[in-house]
Amino acid sequence: MHTLRPALEIRAAREKDLRELHRLDNEVFKVTPYPYFVLRQLFDAHSDGILVLDDGVSLYGYAFFVTTSDRQVGWVMSLCVAPDRQGRGLGRRLMLAVLQRLRREQVHEVCLTVEPTNVAAVTLYRSLGFSAEQGVRRDYLGPGEDRLIMRLGLG
């Protein structure tokens, strides 16, 4: 007999999610996860920009986004889906929720950076309408840390 798992819900992050966010971030971004204190401070400063994917027991993903001070440009700072849940459209669900929120806030453009070799992520972002006219920025996050900067107009 199969045990039914609760449906996954996208909701705003809560303070009690911080340990799960940290666990998830370490699972996915093994080499460069956010330290706990950074997640703590990001939550304190931008909790309205963290959406989580929750089944009522565990977190399976999150998206962290901010807007510039003039509220014209949104930046997706991080998109994370648990390794055992990748490839099931959950990243897309999170990104669509982020884009919906930014449209409601009348943001004109959304930007993000992605590792150029992360084919799955680049493919996802392109399928959502993001483009990378400027190409790869060498050493964007430091020596050897190249990033593809992608943009999507919402206006």
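Biologist: At what angle do the axes of helix H1 and helix H2 cross?

Modeller: This is a predicted model, in which local features need pLDDT of at least 70, side-chain atom pairs count only at pLDDT 80 or more, and totals for chains, interfaces and linings use all residues. Residues are numbered from 1 along each chain as its sequence is written, and side-chain values use heavy atoms, leaving out hydrogens and water. Helices are DSSP runs of H or I with at least four residues, and strands are runs of E with at least two, numbered from the N terminus. Axes are lines fitted to C-alpha atoms, for helices over the stretch in contact, with angles from 0 to 180 degrees between N-to-C directions. Here H1 (residues 18–28) and H2 (residues 36–46) have axes that come within 10 Å and cross at roughly 130 degrees.

Biologist: Which residues of H1 and H2 make the contact?

Modeller: Contact means heavy atoms within 4.5 Å. H1 contributes Leu18, Arg19, Leu21 and His22, and H2 contributes Tyr36, Leu39, Arg40 and Phe43.

Biologist: Which residues of H1 are buried?

Modeller: Buried means under 20% relative accessible area, with a 1.4 Å probe and protein chains only; exposed is over 50%, and partly exposed lies in between. In H1 the buried residues are Leu18, Leu21, Leu24 and Asp25. They pack against H2, strand S2 (50–54), strand S3 (59–67) and strand S4 (73–81).

Biologist: Is Arg101 buried or exposed?

Modeller: Arg101, in helix H3 (residues 90–104), has 16% relative accessibility and therefore counts as buried. Beyond its neighbours within four places in sequence, Arg101 contacts Asp48, Gly49, Leu51 and Phe65.
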